[in-house]
Amino acid sequence: MSTMTMMDPLIVFTYKPQHKFSSFLCVCLLMIITFIEAQSNLCRTSCGNIPINYPLGIDDGCGSPYYRHILDCSELGKLELRTPSGRYPVHSISYSDPHVLVTDPYMWNCQDGDNFRPTRPFSLDTSTRFSLSPQNDYLFFNCSEDYVIVEPKPIFCERFPDRCDSSCDSASYLCRHLPECSTALDRSSCCSYYPKATESLRLMLKYCASYTSVYWRTMGTSTTTDSPTSQVPEYGIRVDFDTPVTTHCLQCQDPSKGAGTCGFDTQTQNFLCLCKKGNVTSYCKDLEISEHRKASVIAGAVMGVSAAGAVGIGVGIWFFKKVRAKAPITCGVQSNENRLF
């Protein structure tokens with residue numbers, strides 16, 4: 001029994017460091033696997049043929065939180081705008097002149113003529129940075145003159161200047177020149193009115209058969225005040241949006257700092273820079289620097305533990321040899337004094 005007691009410290013001393021080393025390797029591997037699983041998927045940059053750039057996004061956590069859950073891209077690549085009044089197909093998006101152009105299938109169109117279908121008022125969520133563009137004109141058809149002031153606006157405003165904004169202009173240029181179908185209306189009345197709020201639009205539709213929206217599309221660009229840009233009327237609703245610009249986002253998008261994508265934390269809605277290897281609160285190059293530092297620390301720790309393990313094994317071998325040297329020589333015959341096990 002005395003020999004077992006003598007040899008126990010050797011067994012513990014030799015294998016215990018190896019056990020700790022194996023445990024440390026397992027922890028390191030788990031850290032690496034977890035980091036790989038946490039790598040972010042880049043946000044989709046288009047839906048069909050429509051580009052999706054900051055501040056808009058179609059994937060949660062992409063773009064600005066002000067426009068979260070506003071755009072939806074179907075599996076067929078059809079982009080829609082979500083509003084309290086419904087979902088509307090997106091025709092185009094401009095980022096140089098920030099606006100989204102949508103169509104409302106419930107609105108009157110040239111094919112309807114004098115046949116007016118049931119419609120509903122278009123509305124926007126006021127908690128977002130979207131707003132109806134002043135470049136929209138709204139045309140109302142067959143309005144009841146018992147409830148709606150249908151008058152030629154120039155004459156009416158001259159007579160009643162304090163009530164000018166409340167009139168629906170029957171002398172509107174667009175009513176006399178309906179885009180794409182100037183003769184579509186045969187026996188129906190038309191007037192132009194710009195609702196200041198969703199409620200006023202709802203009241204107008206209560207006393208009018210239908211309505212449509214026409215926006216003025218700018219043709220070309222003007223470089224001087226002497227050459228103004230031309231505009232043409234087209235059916236659709238122009239919705240303007242703001243582009244929040246922050247230092248964090250500019251640094252994130254900077255090519256010299258990693259060219260990341262601006263996004264946000266889906267839990268806190270705080271800013272995040274989305275990179276190929278993960279998400280950071282600064283910029284992608286900063287993530288790479290942090291990764292390099294972490295890798296150096298892990299490598300140094302592994303080397304340190306390996307060195308400690310090697311020293312431990314060496315000491316164990318030395319201790320083993322020392323014990324063997326002190327054991328009595330009995331020409332290969334084991335006794336209670338020289339047996340190892």
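Why is the disulfide of C43 and C62 left-handed? The torsion about its S-S bond is about -90 degrees, so the link has that hand.

1. Basis. This is a predicted model: local features need pLDDT of at least 70, side-chain atom pairs count only at pLDDT 80 or more, and totals for chains, interfaces and linings use all residues. Residues are numbered from 1 along each chain as its sequence is written, and side-chain values use heavy atoms, with hydrogens and water left out.

2. C43 and C62. The count of disulfides (pairs of cysteine sulfur atoms within 2.5 Å) comes to ten. In one of them, the sulfur atoms of C43 and C62 are 1.9 Å apart. This pair links distant parts of the chain, 19 residues apart: C43 is in the loop between α1 (2-37) and β1 (46-47), and C62 in the loop between β2 (50-51) and β3 (71-73). Helices (H or I, at least four residues) and strands (E, at least two) are DSSP runs, numbered from the N terminus.

3. C275 and C284. A disulfide also joins C275 to C284, S to S 2.1 Å. Its S-S torsion is -95 degrees and the link is left-handed. C275 is buried at 3% relative accessibility, and C284 is buried at 6%.

4. The sheet. Three strands form an open sheet in the order β15-β16-β17, with antiparallel pairing; strands pair if DSSP finds at least two bridges between them. The edge strands, β15 (261-264) and β17 (278-280), each pair on one side only. Strand β16 (residues 271-275) pairs with β17 over three bridges, and L274 stands opposite N279 in β17.

Key
Buried means under 20% relative accessible area, exposed over 50%, partly exposed in between (1.4 Å probe, protein chains only).
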